Amino acid sequence: MRLQTFLLPLVSLATFAAAAEVTTEYTLTNTCSRKTQRGDSIEVHYRGTLASDGSVFDTSYKRGQPLSFTVGKGMVIKGWDEGLLDMCIGDKRTLTIPPEFGYGQRAMGSIPAGSTLVFETELMGIQGVEKEEGGKKEEL
C-alpha cells in the first residue's frame, strides 16, 4: 500500500512532464534540398502572442527586420531551437510553446510568468544557402 501511495504521484508527475511539448502547425511548406539544422545561422520573421488571450507581445514584422540567430545554441527559447528545425526557406509554421520551452515561471517584459506562447514564424533565410526557386509550395 505504501509503495502504491508513493508511486502514484510519480506517475502523475511523469505524465505531466511528458505532456509539455512544443506543438507545430505547418501553414506553408516548400520542397528544398537543404533544410535548417542545428548550428545554422537563420533569419526568421515572427509574431508572438499569448495563448491565454491572443495579445501580441512582439513582432519582427513591425520592425521590418527578421530576427537572426544560430539554431541550437541557446540564443533563443528552447521552443524555437526545436520548433524551427527541418524548415525550407519560405516555410511558415505556428509554434505553440508551453512555459517549459519558453520563459518558464519568470515574467519577461509583457509576458506573464508561466505563459504558453504562440509564434507565427516564417523562415526568411539560412546563411550560406540560396533560396531554391520552383520548390513546391503547399498551403496547409
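## Contacts and overall layout

Among contacts in the chain (heavy atoms within 4.5 Å) between residues at least 6 apart in sequence, 67% join residues at least 24 apart. This is a predicted model, so to speak with care: local features need pLDDT of at least 70, side-chain atom pairs count only at pLDDT 80 or more, and totals for chains, interfaces and linings use all residues. Residues are numbered from 1 along each chain as its sequence is written, and side-chain values use heavy atoms, with hydrogens and water left out.

The chain has three helices and seven strands, taken as DSSP runs numbered from the N terminus (H or I, at least four residues, for helices; E, at least two, for strands). Reading along the sequence gives α-β-β-β-α-β-α-β-β-β. Of the 140 residues in the chain, 37% are buried. Here buried means under 20% relative accessible area, exposed means over 50%, and partly exposed is in between, with a 1.4 Å probe and protein chains only.

## The nonpolar core

The largest nonpolar core holds 23 residues. A core of this kind is a set of buried Ala, Val, Leu, Ile, Met, Phe, Trp, Tyr and Cys residues joined through side-chain atoms within 4.5 Å. The members that touch the most other members are Ile42, Phe69, Trp80, Leu84, Ile97, Leu117 and Phe119. Strand 2 (41–50), strand 5 (92–97) and strand 6 (117–126) each bring at least two residues to this core.

Take Phe69 as a case in point. Setting aside neighbours within four places in sequence, Phe69 is in contact with Asp40, Ser41, Ile42, Val44, Met75, Val76, Trp80, Asp81 and Leu84.

Leu67 sits in strand 4 (residues 67–70) and is partly exposed, at a relative accessible area of 31%. Not counting residues up to four places away in sequence, Leu67 touches Ile42, Glu43, Val44, Tyr46, Val76 and Trp80. Val44 is 23 residues from Leu67 in sequence, yet their C-alpha atoms are 5.2 Å apart in space.

Over in strand 6 you'll find Thr121, which is buried with a relative accessible area of 2%. Leaving out neighbours within four places in sequence, the contacts of Thr121 are Val44, His45, Tyr46, Trp80, Leu84, Met87, Asp91, Lys92, Arg93 and Leu95.

## Salt bridges

Side chains of opposite charge can pair when their charged atoms come close. Searching the whole structure turns up three salt bridges, each needing a side-chain nitrogen of Lys or Arg within 4 Å of a carboxyl oxygen of Asp or Glu. In one, Arg47 pairs with Glu120, and the closest N and O atoms are 3.1 Å apart. That pair links distant parts of the chain, with Glu120 in strand 6 and Arg47 in strand 2, 73 residues apart. Glu120 counts as partly exposed at 38% relative accessibility, and Arg47 is partly exposed too, at 31%.

Arg34 and Asp40 meet through their side chains at 2.7 Å, N to O. Arg34 is partly exposed at 25% relative accessibility, whereas Asp40 is buried at 8%. Arg63 and Asp58 form another salt bridge, at 2.8 Å, N to O; Asp58 counts as partly exposed at 26%.

## The largest pocket

About 200 Å³ of space lies in the largest pocket. On a 1 Å grid over the protein atoms alone, with a 1.4 Å probe, a pocket is an open set of points with protein on both sides within 12 Å along at least five of seven lines. Grid points are joined across faces, edges and corners, and the volume is the space filled by probe spheres set on them.

Lining residues have an atom within 4 Å of a point, and here they are Tyr46, Phe57, Asp58, Leu67, Met75, Val76, Ile77, Trp80, Tyr103, Met108, Ile111 and Phe119. By class, the lining has eleven nonpolar, no polar and one charged residues. Nonpolar covers Ala, Val, Leu, Ile, Met, Phe, Trp, Tyr, Cys and Pro, charged covers Asp, Glu, Lys and Arg, and the others, Gly among them, are polar.

## Loop details

Asp86 isn't a glycine, but has a positive phi of about 60°. Asp86 lies in the loop between helix 3 (78–83) and strand 5.

Pro98 is in the loop between strand 5 and strand 6, and is buried with a relative accessible area of 12%. Beyond neighbours within four places in sequence, Pro98 is in contact with Ala20, Glu21, Val22, Ser115 and Thr116. The C-alpha atoms of Pro98 and Leu117, 19 residues apart along the chain, are separated by 6.5 Å.
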